Amino acid sequence: MATGMLVHEERRRGRGARSNRAGRFESEAREDFDDGWESLAELEAFKTEVRIEPARSIIATNNSPDIGFDRSINPYRGCEHGCIYCYARPSHCYLGHSAGLDFETKLYAKTNAAELLEKELSRPGYVPKAIALGAITDPYQPIEREYRITRSVLEVLERFSHPVGIVTKSALVVRDIDILVRMAERGLVKVALSVTTLDRRIARKMEPRATTPWRRLDAVKQLSAAGVPTQVMVAPIVPAINDSEIERILEAAHDAGARDAGYVLLRLPLELKELFREWLETEFPDRAKRVISLLQSMHGGRDYRPEFGLRQRGSGPYAEQIAMRFRLALKRLGMNERGLKLRTDLFQKPGKSRGDQLQLL
């Protein structure tokens with residue numbers, strides 16, 4: 001590990017990444033160093049900055065065969081939760097930022113998201129399919145309290161009777177339970193909460209600004225009790241860090257009312273390889289080599305394989321063991337049995353009824 005690249009603890013307090021190294025598109029790499037005059041002590045701590053980004057389009061599409069949706073909406077770029085394992089970190093490099101501390105401090109808010117969504121859903125010939133809300137960065141990260149972009153997007157989706165699946169690790173999702181209940185009554189919504197660990201100490205290290213695990217489970221309980229279909233994602237599973245908790249997390253999720261669950265193995269694409277190693281060697285130096293060794297055993301000796309079908313589940317004995325443990329726990333708890341599918345047949349553009357006839361000119 002290049003210790004000279006690490007940012008002093010006081011400057012990054014409460015953040016996940018240990019450095020702010022330049023991204024893959026930058027021609028220069030910059031490094032702060034002590035010149036003997038204690039100049040590093042004069043540097044300011046990393047603070048959250050939010051920039052307004054007028055988006056040109058809001059529904060993103062994909063053709064990935066190993067995920068359950070082909071369209072998504074991301075109200076924000078970057079994420080203040082600071083999860084060190086976040087596979088979205090390298091996307092910040094497209095903006096000229098670092099995948100490290102920049103990703104969790106230089107945030108972009110798409111304040112025109114709801115307006116754009118209404119226009120895109122109103123286009124002639126639009127065919128509804130479930131939209132994933134928060135497929136890249138968390139739609140309920142802390143700045144959502146102020147900007148309320150996610151809520152405005154949900155309001156549009158409700159007016160159009162459009163199906164949506166939400167992925168978050170924030171209890172803030174409960175704020176919008178009024179909308180979610182109404183949509184759930186018509187089969188238009190499901191919510192997945194990520195629960196990576198039940199250990200507060202590990203959670204604080206891995207996800208420094210995310211809602212605590214038990215508050216997430218309480219959100220599952222509130223949503224489930226209100227009739228909102230709720231899923232728990234054990235994601236990511238990090239070998240030798242949280243893999244021993246799979247059964248306990250699923251049991252806690254079931255007790256909270258979740259009836260569906262899924263998992264994803266740790267993914268380390270691009271810049272995330274070094275960022276994760278820096279974090280691992282500072283937080284878990286006693287098991288850093290073990291973690292990387294097990295991870296590589298699931299990716300053919302590499303840190304990561306991007307191939308569809310392998311990137312999220314891996315292969316080999318250890319990956320198979322994880323998959324079997326997960327299946328057995330689901331079977332014992334009676335989870336993943338309802339086969340929930342969101343409805344698309346209710347989609348309707350506001351102001352038009354199904355019986356409307358085109359007017360003759």
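User: Which side chain makes a polar contact with the side chain of Arg216?

Analyst: This is a predicted model, where local features need pLDDT of at least 70 and side-chain atom pairs count only at pLDDT 80 or more, while totals for chains, interfaces and linings use all residues. Residues are numbered from 1 along each chain as its sequence is written, and side-chain values use heavy atoms, with hydrogens and water left out. A polar contact is a pair of N or O atoms within 3.5 Å; within protein, one must be able to donate a hydrogen and the other to accept it, and residues adjacent in sequence count only if both atoms are side-chain atoms. At 2.6 Å, the partner of the Arg216 side chain is the side chain of Glu207.

User: Is Arg216 buried or exposed?

Analyst: Arg216 is found in helix H7 (residues 213–225). Helices (H or I, at least four residues) and strands (E, at least two) are DSSP runs, numbered from the N terminus. Buried means under 20% relative accessible area, exposed over 50%, and partly exposed in between (1.4 Å probe, protein chains only). Arg216 has 1% relative accessibility, so it counts as buried.

User: What is the relative accessible area of Arg311?

Analyst: Arg311 is in the loop between helix H10 (288–297) and helix H11 (317–333). Its contacts (heavy atoms within 4.5 Å), leaving aside neighbours within four places in sequence, include Ser64, Asp66 and Arg267. Arg311 is buried, because its relative accessible area is 12%.

User: How far apart are the C-alpha atoms of Arg311 and Asp66?

Analyst: Along the chain, Arg311 and Asp66 are 245 residues apart. Asp66 is among the residues in contact with Arg311. The separation of their C-alpha atoms is 9.0 Å.

User: In S10, which residue is the bridge partner of Ile237?

Analyst: Strand S9 (residues 230–237) is mostly covered, with seven of its eight residues buried. Two strands pair if DSSP finds at least two bridges between them. S9 pairs with strand S10 (residues 260–265) in the parallel sense, over five bridges. For Ile237, the bridge partner in S10 is Leu265.

User: Why does Phe25 count as partly exposed?

Analyst: Phe25 is found in the segment before strand S1 (49–52). Phe25 counts as partly exposed because its relative accessibility is 46%.
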